[in-house]
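Biologist: I have a new model on my screen and would like a guided tour. Could you walk me through it?

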Amino acid sequence: MKTPRLPIALQQAVMRSLRHYLQLANEKLERRFDEPSLIYQQRGTAAGTAWLERWEIRINPVLLLENQQAFVDEVVPHELAHLLVWKTFGRVPPHGKEWKWMMESVLGVPARRTHKFEIDSVRSNTFPYRCSCQQHQLTVRRHNRVLRGESEYRCVHCKSLLQPGEFLSK
């Protein structure tokens, strides 16, 4: 899929958000963090990712266009918090207590691990898998790993192994 053109005003809004939250962090932590790069090339269903060693934030341009204010208010500080935590605490769990503290106490944003955006426009083909309690949809990549015997996946709720096929409720 071709990357959509982003209006310059939208890119500027994202940059203003990044600079605002970076300024907050610099003041509250009494440090001087460099401004990370913003790259608009995130694919798939992820809204954004933080690339720690590269000190960059990758933004999903399709989801940005569809959820502009939420990106400015939530996704930008979420990904920035990952970078700040890495510089401050080193390698720690991605959404652990340090990240939660950075989000809420430093940046003043509710610490939500995942977005709730509609993802039909960015979802690729998926394959139905089932566990003991529900239906799952695995990506092509995960499905192929199962077929090759490289991976197996478990339900986070019931902990049972995912099996190809449709879930049949009892």
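**A tour of the fold**

Modeller: Gladly! The protein chain has 5 helices and 6 strands, where helices (H or I, at least four residues) and strands (E, at least two) are DSSP runs numbered from the N terminus. This is a predicted model, in which local features need pLDDT of at least 70, side-chain atom pairs count only at pLDDT 80 or more, and totals for chains, interfaces and linings use all residues. Residues are numbered from 1 along each chain as its sequence is written, and side-chain values use heavy atoms, with hydrogens and water left out.

Biologist: Which pattern does the protein chain follow along the sequence?

Modeller: The C-alpha atoms fill a box of roughly 55 × 35 × 30 Å along the principal axes. Reading the protein chain along its sequence gives α-β-β-β-α-α-α-β-β-α-β.

Biologist: How much of the protein chain counts as buried?

Modeller: Buried means under 20% relative accessible area, exposed over 50% and partly exposed in between, with a 1.4 Å probe and protein chains only. The chain has 170 residues, and the share that counts as buried is 39%.

Biologist: In what order do the strands of the mixed sheet lie?

Modeller: Two strands pair if DSSP finds at least two bridges between them. Strand β1 (residues 37–39) runs parallel to β3, with 3 bridges, while β2 (residues 48–51) runs antiparallel to β3, with 4 bridges. This open sheet of 3 strands has mixed pairing, and its order is β1-β3-β2.

Biologist: Which are the edge strands there?

Modeller: The ones to look for pair on one side only, and they are β1 and β2.

Biologist: Which residue in β3 is the bridge partner of Gly-48?

Modeller: Strand β3 covers residues 56–59, with Glu-56 and Arg-58 pointing one way, Ile-57 and Ile-59 the other, and all of them buried. Arg-58 stands opposite Ile-39. For Gly-48, the bridge partner is Ile-59.

Biologist: Which residue takes a positive phi in the hairpin of β2 and β3?

Modeller: That hairpin has 4 residues between its strands. The phi in question is near 55°, and the residue is Trp-55.

Biologist: Why does Val-75 count as buried?

Modeller: Val-75 is found in helix α3 (residues 68–89). Contact means heavy atoms within 4.5 Å, and leaving aside neighbours within four places in sequence, Val-75 is in contact with Ala-47, Gly-48, Ile-59, Ala-70 and Phe-117. Val-75 and Ile-59 are 16 residues apart in sequence and 8.5 Å apart in space, C-alpha to C-alpha. Val-75 counts as buried because its relative accessibility is 6%.

Biologist: Now the other sheet: why is one side of β5 and of β6 left without a neighbour?

Modeller: This open sheet of 3 strands has the order β5-β4-β6, with antiparallel pairing. β5 (135–139) and β6 (163–164) each have a single partner strand, so one side of each has no neighbour in the sheet, and both stand at the edges.

Biologist: Which residue stands opposite Arg-130 in β6?

Modeller: Strand β4 (residues 126–130) pairs with β6 in the antiparallel sense over 2 bridges. Opposite Arg-130 stands Gln-163.

Biologist: At about what angle does helix α5 run to β5?

Modeller: Axes are lines fitted to C-alpha atoms, for helices over the stretch in contact, and angles run from 0 to 180 degrees between N-to-C directions. Helix α5 (residues 140–147) lies across β4 and β5, and its angle to β5 is about 95°.
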